[in-house]
Every structure is written in C-alpha cells, then in structure tokens.
Amino acid sequence: MTAAALFQSILASLPEIVVVTGACILLILGQLVRKGQQQFLVWASIAVVLIAALGTLMLAGEVRPAYSGMFVADRFAVFFKVVFYLVTVLTFLLSRKYAEIEGIGSSEYYVLLLLALSGMMIMASATDLLSIYVGLELMVLCTYVLTGFLRQQRRSNEAALKYVILGGVSTGIFLYGVSLIYGLTGTTQLDGMAAAVTGDPLDPGLLLAVVFIVAGLVFKVGAVPFHMWVPDVYEGAPTTITAFMSVGPKAAGFAVILRVFLNPLVAASNVWIIVAVIAAVTMALGSFVALVQDNFKRLLAYSSIAHAGFAMFGVAAGGADGAASVMLYLLIYAFMNLGIFGIVIMMRNGDFSGEVIEDYAGLAKSHRGLALLMLLYLFSLAGIPPTAGFFAKFYVLVALVERGFVMLAVIAVLLSAVAAYFYIRIVMVIYMREPEGVFDPALTPAVAATLAFTAAGTIGIGLFPAWFLGLAQHAAIGG
Amino acid sequence: MTIPLLSLIVFTPAVGAAALMFVRNDDVVRWMALGVTVLDFMLCIAMLGGFDTSTHEMQFTETRPWVPALGITYTLGIDGISAPFVFLTALLGWISVLASWVAIDRKVKEFMVSLLAMQALMLGVFCALDLFLFYVFWEAMLIPMYLIIGVWGGDGRVYAAFKFFLYTLAGSLMFLIGVIVLYFHGGETFDIRTLMAQDLPLRVQSWLFFAFLIAFAVKVPMVPVHTWLPDAHVQAPTAGSIILAAVLLKMGAYGFLRFSLPMLPEATVHYSTLMLVLSAVAIVYGGLLALAQDDLKKLVAYSSISHMGLVTLGIFTLNLRGLEGGILQMFNHGVTTGALFLSVGLIYERTHTRSIADYGGLMKAAPVYTAFLALFTLSSMALPGTNSFVGELLVLSGAFAANLAVGAAAVLGALLGAAYLLGMYRKVALGPASIGVRFKIRDVNAREMAAILPLAVFVLWIGLYPKPFLEIIDASVKHLLAQVHGKGGAQ
C-alpha cells in the first residue's frame, strides 16, 4: 500500500479513528477523575462523538473506498453514522442521572459505549464480509459487557450471559457462511462475490452460505427465529443500554443487511422470500406477544421485535425505494423509541422502578406535559398520523406495493393494527386511570433536552417528511 | 384567491387547541373554545357566501408541495358535495362546546383541546383534495376521539374506546393499502382530481372497491361492522356522541361519494346491487334493534344505523333523486341526530339516567324541552314539514326506480322508525310523572337554548324550503352521475 493510498484510507476512516482514540484517552482519563466529577466524562464523550460527526459530515461529499476495498465512506454509510451519533449522544444525555441512581457511572460505561459506536460505524462502512465481522464483534462485545453492568442484579447478569452465549453461536453461524462464500467464490468482498460466480446463482452451496450469513445478521436485529434473547436482555440490561441497543445496534444490523442484500449476488437468489417470511413472522410474534406483557421494558422489547419485522418488509421490497424506506424507518424509530425510553429512564427514581405498566396509572393527572409526550411517542410507535411513525410505515408500504407485493403490505398493516392495541393500552393506563401514588421523575435538564429533541423529531418528521425522505433516498442510491 | 380561506377554516381550531394548552383557568378555557369555534363558523359562512352553486368544479382551491418525491401535495378545495359537511362540522363545533359546558367538569382543558383538534381534523377530511392528506386527517382523528370517549365517557368507556379505535384502525389500514395501489395505478399521484380522471381496469377497480368498502363501511357503519357504534355512542360524553353521529358517520358516506363512485365507476355500477342490499339490511336490522332498546342513547345509536342505511341506499341507487336525497339525508341526519343526542345529554345531566323506563310525564316538568324533543323525534321519523321528509322522499323515489324490493325494505324501515321513535316519545314525555322525574326538573336555560335552537331552525328550514340546500349540491351531483355512468356504462 502506497503512502498516498494509506493517507486516503486514513482520511476515509477518520471518524472511526477519532472515536476509538477518544475512547482510549477517556479510559485513561477516567482513572484520574475523582468521584463526583463524572459530569466531565459525559461531556467529554459527547465531545468525541461531535468531533467524529463533524468529520463525517466534512467527508460526506464523495465516495471514498479505503483499505483495499474492505471499507467505504459513502452517503449510505454517512446516513447510518448520523443515526448512530444521534443515538449515542442521546444515550449519553439520558445516562448521566440514571447512572448515578443505579451506581454504574464509572468511566468504562462511557468508553464501552464509544467503542460500541465505533463498531457500528465500521459495520455501516464495511464492504467486505470480514470487515463486517470486525465491526460486528466490536459492537456486540461492548454491548455484552454493558448488558451486565448492573452487576449486583441477578437478572442483569443472567441477561448478559444469555446474550453472550446466543450471540457467540450466531457469530459462529455467520462466520461459517463467510467461509462457504470464500470457498465458492474465492473472495469475501461484497462486490467481488457476484463477479466471481460464473455458474448458476441458485447453486445450493451458495444459497446455504447466504442463508447462514442472513441468519447471523438477523440475530443482531432480533428477528424471528433468532429473537429469543431480546426480551430477557432488554429487561435485564440497564434501561439506558436497552434504549441504546433497541436503536443503535439494530440500525447497524440493518445497515449490513442492506449492504448484503443490495448486492447483486443475493438479489439474484430468491432470498427475498426468506426475508419476507422472516418479516411477517417477526412482526406477528412481536405484536402478539407484546399484547400480554405487563413489564414496560419487556413490552418495548417485543415492540422492537415487531418494528424490526416491519423494517424487514422494506428489505424484502428491495430496490432503491425499499432500502430508503428501511433507512428512513430506522431514523424515525430512533427518535420515537429513544423518546419513550427516555421517559421510562426518567421515571426510575428512588423506590420507583417505572418498569411495570400499571405504575404509570394516572400519570396524566399530575404530569400533563410528560403524559402528552408519552401519548405522542406511543401513537407514533403505533403508526398513527400525523406523527413520524406513520410516515415511516407508509413509505415501507409504498415500497412494497411498488414491487407488487400487495399481499405483504396487507399482512404488514393487519399486524400493525394488532400492535396498535398495546400502545394505546398504555395511553389508556396513563389517561384513564386514577393515580395510586405520587410520581417523582428525575427530570434533569439533559433528560428534558433529550425529550424535547425526540419529540421535535417525532412530530417534525411527521409533518414535514420531504427533506428527510430526500436524504434517505439520496443515501440509498449509494455513491 | 389570495386569502387561503379553507386553510383558515381548517387550522383555526388547531391553533385554538394549541393556544388552549397554555391557559389555566377552566372558565377561560370554555370561553376561548367557544370563541374559536364561533369564529370558525363565521369563516364557514363567509365561505358559503362566496360559494358558486353553478359549477361542479372544486372551489377555493389551494395547493402547495408537501412531499414532492412521492407526489404528495397539500391541496384543499370544496365542491357541492363537501361544502354542506364543512358547514355542518363548523356548526356542530360550537354546539358541542356549549353541550360540554357543565357536563365536562374535570380535565376541562384537555377536553376542549381534544374537541378542537377533532374539529380541525374533521374539517380537513372534508376539504382535502390530496389522498395522502385526506388519509392523514382521517386517521389522525382516532387520537382525539379515542381520548374523548376513553377519558370523559361513561362506566364502560375504556372498552368502548378500544373497540372504536381498533375497528376504525383496521378498516382504515385496508383503505391505506388501497390508496397506495391507486397511487401506482393512477400515475404516481395522490391528487384526487387527477385520480378521478383515470380509467382503471375493472379487476383493479373491484379490489379497490372492496378495500375502500371496508374502511367506509366501518365508519358509516354498515351491518355487519356496526357493533362499535352502540358502545361508542352510549359511553361517549354528549359532545362526543354529537360529533360521532353528526360528522364521523358522514365520513364513510362521504368516502363513497368522493372516492368509490368517481374513481371506481365500473366497480360501483357492478356492485351497486350488493350495496343496495347491504343498505336495506342495515335499515331494517337497525330499526328492529332500536325497537328493543331501553337506553335512550342506544336507541338513537341504532336508529343512526338505520338512517345511515338510508343514506348509503340513496347513494348506490346511482340516480339523481337517490343521490341528492342521500346527500341531503346525510346533512339532515347530522342535524337531527346531533340534536337528539344533545337532547338526551341535556336530560341526562339532570336525572343521570338514560333508561326510558325511568322517565314519564316530562311534558309537565319541562315543556320547552319536551317541545324540542317532539320536533326532533318527528324529524327523525321524517314527518312532512321537517328536514328528513324531503331527503327520505327523494331517497325512496330513487330507490323504487332502482330496485323495487329494496325500496320496499326502506319503507319498512321508515315504519319501524315511526314505531320506536313514537314509542320512546310517548314513554318519556307523556303519561304520569315517573320515579325518574319525580323531582322538579329544570327546563332549558339560555345556554342550552343557544345550542338547541339553531338545530331546530335547520330542521324546519330544510323541511319547508329545501331549495337553497339542494342548489348547493345539485351541480356536483350531476357531474358525479356523469362520471359514474359516463365511464361505468349505462345502468
């Protein structure tokens, strides 16, 4: 590799380098920060992310392939990275007070989040199965540890262990698929694979390899049949980490899925049928099981499974519109889901766990503003206009119908009608019950800012979707 | 057009709702809500003043790009079919506020915000000329209505709110798929006027017809998807019942008029007999159910099913008299049933019972109230001289022209109507005073009079001199018929 090529590669991956370097510095600085000064860590972490974001936006102008075709900084990656930055910064803002209440505010917490961010960024930019693997592992290893961060609590430990074991198996399956691909085509580069296949694209060996890779990736987004870990991990993990995982790593998983599926090799093999089935079953399972949940975090876990299913429909639709619809969906989902999680996180204060739905009975009576925000997020998650959640679903349906998959669209909307039930049930609890206790939410300025920002996104994208839609379409076309 | 009059009409209540959120005093909230709705009503009168009855073209149109990448625009406009309902909605807006003046005594601010939001969205539905915009208004109504029923309703409110929400949502989502399919078949546009000009293959039309039918039938509601209505009506607060009966139910029928007939003419003609039969079933079945009710609100609710059956019957006769009668009857039903729910609400505030068996001899206790009740009861059973007589006569003559058996069923429905309405009136107003009204009951006061009198005026005005109302819809209905039969072939 010549010096010029090396320089180009470093330039293309500058944001990732910033994040990793920042994480390492914070790891050392963290040991020097005295107790009670942890505020500094939060702001330093946010600063790292913002510097990386600045770098990403400055480099966004052109396509920059790097590291001999293993990595690319293109608009597609930029879009996802912006989502990741957003998610990470909001998680930091939500974490400050919560970490104090739960006693988990050590520097490692923030460092691991930053490293997870770098893993997600690599996933979004990876164009080689092996670099995908590197990003994936970096991300999930950090989330394993973060899941178990409430180390005094049994269910946090249990969740972490479960996550590690199942995650390890799925990674193994993924790697096996990669090795099959390499054996059949002699390359692991996404672009090279299609060119290397001379024979029938429906070769059983290739199909098997693709199915294995899909299985490995589907695990990360929590789609059926690899969803078992989601409810337990979401319930056991610190709520801030649950919020992060429900949006960030999921979006990263979809970034890779889209990259792999936009690949001509995969597009040629009728894999969309598998994806469509996965999407339908995932959505059905998430929606129906969520109906009977009493724990707020578990409910949101199943809701996130259902949303993954809906986004999967966009993948099944394929094409530029399909990809753009998934991307827009993830962006909007980030806003509304972090919003609702923000409230759950905030309610955790003193003896109040805020984890049981019944705990929220009558919230509207004493906290009108909060109740109204929850109403907004919940109706957005249910996909009722004029919120952003509606437009997200609408665009996926447009992509499906455009490709002639009307039946899939019908299945999708029927299942989202089922899903609407459990969201409006929470609205019912908030508005139509009498309060049983006194609410004391830990409303810090940082949390308030997060809620204001997510609410603005949830209603703003719903009313003026044009610009965001253009962004997603632009990014999906690639280049 | 320099002043975007329709945008003003649609968004005045929305702005009012937003402003109300910052008000603390309940009385100020009430007066502000009343002020906003009255202002909106006056804007509507200004709109009708400038309305040109000689053309079927959309008037007061305004267009702005919204999501250009998907061909979505913000387009508003009204014609003779939507104008009466914009007016009706605005009229019932301030009547609903008056009806909730003392009936809503907790969370007044939230209630008025929901009511005004509802008002804005309903007006939006009737004004929208872009399918996507229409759908946004249509579906967003679920949120405030869900709250109005669920928070301020009766004892079974939660169940009723859920039922209302899920029925309507399931129906609307099918409509959404239909809209998207139409979008791709109609040249990637959501513009309603462009889509009306498309000539779709019959197969596509048939699918779309049924997709739309599910959504509209739930809203109307037609048998067998009517079961949400009695629950929602009985549990909703008075203002909620008025809005539901007077405006929401019209939206299903409006959907048929605005989308099914002009956009899917061949399918409409093809399935018109099916629709006629469904309507006839609703008329008779709703009437029979109403006959068996002891709850005043339930009785009016089931009578709504029967009367809305008459509306859809009129629409699907696909002839001039039937259609004009159907549309006039939509307006009449809004006025009359709105007034009946208001009357029931007024008496419920005094006695806290809705059971017909608890009443009797009300005429002696509250003569003015009873006189109004008599007028609205007679209007509901379409006595000559009242508004419904004109509409029902037109529908019946259209129905007999279209299908003899269905016409006969409609007449049977009218007979049933006389039976249950007169029976109700006899038990409530006449005879000896019963336990329920043993105590002295206050007659209507000035506020209640202000709410109920305008509706009585419309009952008699349309009954005695319907010409101005028929003139407004005439040109548009004729054009609609030309659209249906022009493309759908001779009947």
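Predicted model: local features only at pLDDT ≥ 70, side-chain atom pairs only at ≥ 80, totals over all residues.

Residues are numbered from 1 along each chain as its sequence is written, and chains are lettered from A and ligands numbered from 1 in the order in which they are written. The model scores ipTM 0.91 and pTM 0.93.

**Confidence**

- Chain A has 21 helices and 2 strands, where helices (H or I, at least four residues) and strands (E, at least two) are DSSP runs numbered from the N terminus.
- The radius of gyration of chain A is 21 Å, close to the 23 Å of the globule rule for 479 residues, so chain A is as compact as a globular protein of that length. This radius is taken over C-alpha atoms, and the rule is 2.2 Å times the number of residues to the power 0.38.
- In chain A, 59% of the 479 residues count as buried; buried means 20 or more other C-beta atoms within 10 Å of a residue's own, exposed means 12 or fewer, partly exposed is in between, and C-beta atoms are placed from the backbone.
- Chain B has 21 helices and 2 strands, and buried residues make up 63% of its 491 residues.
- The C-alpha trace of chain B spans about 65 × 55 × 40 Å along its principal axes.

**Where the chains meet**

- Chain A gives 25 residues to the contact and chain B gives 25 residues, with two residues in contact if their C-beta atoms, placed from the backbone, lie within 7 Å.
- On the side of chain A that touches chain B, H19(A) provides the largest share, 12 residues.
- That side of chain A has 21 nonpolar, 3 polar and 1 charged residues. Here Ala, Val, Leu, Ile, Met, Phe, Trp, Tyr, Cys and Pro count as nonpolar, Asp, Glu, Lys and Arg as charged, and the others, Gly among them, as polar.

**An enclosed helix in chain B**

- Helix H10 (residues 228–235) of chain B is largely enclosed by the rest of the structure, because 8 of its 8 residues are buried.
- The cover over the buried residues of H10(B) includes H6, helix H7 (157–185), helix H11 (238–263) and helix H14 (296–316) of chain B.
- Ile149(B) sits in helix H6 (residues 142–152) of chain B and counts as buried because it has 29 C-beta neighbours inside 10 Å.
- Leaving out residues up to four places away in sequence, the residues that Ile149(B) touches include Ala232(B) and Gln235(B).

**A pair of packed helices**

- In chain B, the axes of helix H18 (residues 387–402) and helix H20 (residues 446–464) come within 6 Å and cross at roughly 45°.
- Asn387(B), Phe389(B) and Val390(B) in H18(B) meet Phe458(B), Val459(B), Ile462(B) and Gly463(B) in H20(B).
- The residues of this contact between H18(B) and H20(B) divide into 5 nonpolar, 2 polar and no charged.
- For these angles, axes are lines fitted to C-alpha atoms, for helices over the stretch in contact, and angles run from 0 to 180 degrees between N-to-C directions.
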